[in-house]
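The structure is shown first.

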Amino acid sequence: MGLGVRRFARHLIYRYEPLWFRQLRMFLVLPRYPGTKLTLKRVANCYRNRWEMRHLSTELQSYPLKLTVEPINTCNLSCPACFTGDGQTSRPRKTMPMDFYQGLLDEAGDYLWQIEFCNWGEPLLNKQIATMIRAATDRGIGTLVSTNFSFPFDERRAEDLVRSGLTVLGVSIDGTKQETYEQYRVGGNLETVLANCRKIRDAKRRLGLRTPHVTWIFHVFPHNVYDVATARTMAPELDMELVVEKGWVVGEEWERNGFFKFRDRVKPFPCLFLWNQTVVNSDGGVSPCCGTFYREDDMGTMALEPSANGALSLREVWNGERFRQARRMYQTRGPAPAEDHVCYNCPATIVWHQWQQHLARGEDPEAFETDVTPNDSFNYFWQRRPPGAAPPRRRLTIGTR
């Protein structure tokens with residue numbers, strides 16, 4: 001059966017299968033996190049997590065399946081649509097202590113399917129990153145790192161990273177010429193990035209290893225559209241998979257109905273960060289999702305020193321009042337909490353309630369549409385300033401430098 005026929009058959013099955021059967025199938029199919037070792041604990045926790053999410057439980061017995069860990073919250077570039085690149089400050093600039101990270105693994109490592117080592121900082125600036133990845137690999141956890149790779153990186157460090165067992169390495173390269181690349185990656189050097197990618201390629205070949213799978217993440221903006229074709233020819237030579245996705249911009253989305261699309265679509269679905277995954281920052285703060293930046297929006301804080309008085313575990317924060325408040329918002333819109341909760345006006349929460357109203361009117365589930373896009377979601381977090389947070393230092397528009 002040809003590829004086109006199989007795709008058409010899958011389309012027909014998806015379009016006409018009963019909704020209950022589709023939901024059952026989605027519930028039973030295990031998540032696809034490359035590099036993860038299947039264990040009874042992981043599988044049981046996964047199904048318990050899905051059951052609790054399906055019933056919009058506010059207090060969870062399950063652990064998250066995915067953890068976003070911030071190894072270091074500093075960066076060497078000044079990307080304009082990034083809080084760190086914009087010069088914002090919210091937390092002390094610091095590296096996550098290894099003892100604290102090891103404690104996270106001891107508590108939740110048996111249940112995790114993936115650890116993503118990146119958030120608002122440049123993870124490879126943490127000199128212990130390979131050790132952190134190896135600790136996760138040894139527990140059978142899939143790992144992912146996203147880097148700008150625009151800094152000195154020698155062959156020894158390349159081999160250390162490859163030997164760590166890292167599953168996926170994403171490299172953000174938004175152009176094939178320095179003049180287009182640097183419009184977003186402000187302060188970056190394209191030749192340095194490409195040279196570092198070659199070092200990873202060569203290290204994999206020397207060591208005879210297939211991982212990490214290296215992806216070239218190309219964020220498309222109006223100024224670099226014509227570089228995409230060149231990137232397609234360059235990526236194979238570097239042993240990289242090219243992934244092209246529309247880039248976020250501050251303000252109005254460029255070509256809202258154009259050819260290029262965002263990696264994810266906004267869909268009416270309970271927020272994964274409230275049930276399925278969570279973010280732990282280098283200072284121990286647990287964020288509600290990867291879109292938030294400010295410490296004032298944290299759901300709770302784990303003490304960096306386990307012996308500290310009143311130190312909270314991940315589970316205690318995971319089931320703390322602020323997480324439970326956010327989960328209750330998916331049961332009923334209700335009035336806003338007394339404090340300014342970041343999740344209340346989040347586009348994910350709003351779209352969920354639009355979906356519920358759509359179903360309550362007896363309308364066709366397949367006919368639901370929303371005009372909210374990932375760029376709108378990004379701008380919600382970008383424009384939001386919790387009480388006590390500083391205003392942005394500048395508001396660069398892509399292409400105006």
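## Terms and model

Two strands count as paired if DSSP finds at least two bridges between them. Helices (H or I, at least four residues) and strands (E, at least two) are DSSP runs, numbered from the N terminus.

This is a predicted model, in which local features need pLDDT of at least 70 and side-chain atom pairs count only at pLDDT 80 or more, while totals for chains, interfaces and linings use all residues. Residues are numbered from 1 along each chain as its sequence is written, and side-chain values use heavy atoms, leaving out hydrogens and water.

## Strand 5 and its neighbours

Strand 4 (residues 168-172) and strand 5 run parallel and are joined by five bridges. Within this pairing, valine 171 has tryptophan 216 of strand 5 as its bridge partner. Strand 5 also runs parallel to strand 6 (residues 241-246), with six bridges between them; here histidine 219 is partnered by glutamate 245 of strand 6.

Seven of the eight residues of strand 5 (residues 213-220) are buried, so the strand is largely enclosed by the rest of the structure. Buried means under 20% relative accessible area (1.4 Å probe, protein chains only).

## Asparagine 73

Asparagine 73 sits in the loop between strand 1 (66-69) and helix 4 (98-108). Its relative accessible area is 7%, so asparagine 73 is buried.

Contact means heavy atoms within 4.5 Å. Leaving aside residues up to four places away in sequence, asparagine 73 touches Thr84, Arg91, Pro92, Arg93, Lys94, Gly121 and Ser282. Asparagine 73 and serine 282 are 209 residues apart in sequence, but their C-alpha atoms are 6.6 Å apart in space.

Technical notes: Buried < 20%, exposed > 50% of the residue type's maximum accessible area, 1.4 Å probe, protein only.
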